[in-house]
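Thanks for making the time this morning. I would like to walk you through one part of a structure that is new to this group, so please have a look at it first.

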Amino acid sequence: MDRKRASGPDAIRAGADMATAASSSLDALNQWVLEVARLAQPDRIHWCDGSDSEFDALTGQMEEDGTLLPLDAETHPRSWLHRSHPDDVARVEHLTYVCTSERDEAGPNNHWMTPADGHARMDALFEGCMRGRTLYVIPYCMGPIDSPLSRCGVEITDSPYVVANMRIMTRMGAAALARIEREGTFVRGLHSIGELDPERRFIMHFPEELTIKSYGSGYGGNALLGKKCHALRIASHQARTEGWLAEHMLILGLENPAGETHYIAAAFPSACGKTNLAMLIPPEGYRQDGWKVWTIGDDICWMRPGKDGRLYAINPEAGFFGVAPGTSAKSNPNALASVQRDTIFTNVGLTANNQPWWEGIDDGRSPATDWRGEPYDAGKRPAAHPNSRFTVSAAQCPSYSPRTEDAEGVPISAIVFGGRRASLVPLVFEARDWTHGVLVGAAMGSETTAAATGAVGVMRRDPMAMKPFCGYNFADYFSHWLSFDKDGARLPKVFHVNWFRKGDDGKFLWPGFGDNLRVLEWMIKRVEGSADAIDTPIGALPRPGDINLDGVALTDEARDKLFGFDRDAWREELDGIGTYLDEYGPRMPSALKVEQQRIADALSRTSA
């Protein structure tokens, strides 16, 4: 990378000279970059090409200025630690806005501002903010570079840390720029770390303009604009317009001993086991029989109907931005194996010999330094921040599926919803049909985690795990989901799971981790029509004998609570769901309210 620094006007001219090498169809991009440069006044402009040499120069630069701390070269080659500002460690939902011309378009699920007010507030923050810094132009593609479902974007940022992470998380550089040139359209993302002042921090989305503006944060999804901002908030708006789905879902392939693979998409709120499930290793007996799990993606799923009526999915990301705490050889050996090289860690602790450490890694080592760079003191704070992360290429995962790069995507056999529920919700149940499945997703609740600011452990409704990420009115979003049930559609079966049910002693009743495959096997057998279940008002529940429990010791309490349902408690739950649906007013599709009432009436009857 050329590290020569130029003054403001020279930087703008230099950036323009580099840009004019591209086709004239990129004039809109070139003009936008120049407009941003005039506003932000960087010292220089760098157009990212995504090359190895560029990445090496960038990481070398950050090593020199302390932005990245190199880890032990023998145990974690080409890996680094980044420490973010102590007040900049998670999503900031209360400072995240959707700016649409009409308030109802954003819906009660989003903070709203008019586009004019949103631009004015953000442009005032961006004025002169890049003086003394480099403006980086990042062309990127979300999804396989040749997939018709992929969409491109360009992020402008003054953070080299963002550039390095975007290179891992997206298909970044020359190939993406060439696709933008061919298509003539892209999502615009403007980001600056600003002063990292929580009082001057906002994330604004303009879905009608396919534009994102983020200021004052260098953390994860607040700054890597291809991730939640583009791939969910803006993409959900695109998907509604274009007839597909942009979802907060993992994608995995489950291969049986006969060599047949079914693909499953599953939605869980952040830090609720998505990455663990996406990289699941089957129990020993299953492995011996030939079962395999293939990882397509751990966080985001874009789906569209194929010519055969099935939903086909791609993972728009190229990497994992995973939660580190709790990741261990027991919970997720594939994730642990993935991060042994070429990884950027954020806000983890360090051992005395400069290796990454976090709570739950359980490898016999001890931390010497905490995530703030201070000597570790267990009485003061954890070694790793609860929302500390790792950024790594998906191709490094041992269970990485070669079908990840399939341009047409993979066919989805089952959609799974789930969350943390200590009580009420059984281990697994199957929705009666697509409408019931949409209601199950719309009504799902979970106890909050450290991935977002605010209290932890509070139960909240999180429809399809999209509460922080849907870029338009949830009522319209539910209608969009319902619209896929049409003549010729061969839609996936819909299930709900709860790995986190607790007993009276407060301990988890289900072993989880690899044993979750037992539940996935039952789902696929239901898809194939070869597994039994009991019909109940809340859905079809397996009996304990319908799931392979060989080697799993469950108490009587566990069997009762994991495979049964409390009619009185579910009556209360359905009342709460009805109240929740009413919050969206007249835009709420009547089909969901009818379905909620159908289940409530069934629960009110004396017999199942």
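Two strands are said to pair if DSSP finds at least two bridges between them, and strands themselves are DSSP runs of E with at least two residues, numbered from the N terminus. Please keep in mind that this is a predicted model, in which local features need pLDDT of at least 70 and side-chain atom pairs count only at pLDDT 80 or more, while totals for chains, interfaces and linings use all residues. Residues are numbered from 1 along each chain as its sequence is written, and side-chain values use heavy atoms, with hydrogens and water left out.

Let me begin with β11, residues 211-215. On one side, β11 pairs with strand β9, residues 187-192, in the parallel sense over five bridges, and there serine 192 stands opposite tyrosine 215. β11 is also joined to β10 by five bridges, but those two run antiparallel, with isoleucine 203 facing serine 214.

How much of β11 is covered? Five of its five residues are buried, where buried means under 20% relative accessible area, exposed over 50%, and partly exposed in between, with a 1.4 Å probe and protein chains only. Thr211, Lys213 and Tyr215 point one way from the strand, whereas Ile212 and Ser214 point the other way.

Turning to the hairpin of β10 and β11, four residues lie between the strands, and leucine 210 takes a positive phi near 55°. Glutamate 209 is also placed in that loop, and glutamate 209 is partly exposed, with a relative accessible area of 40%.
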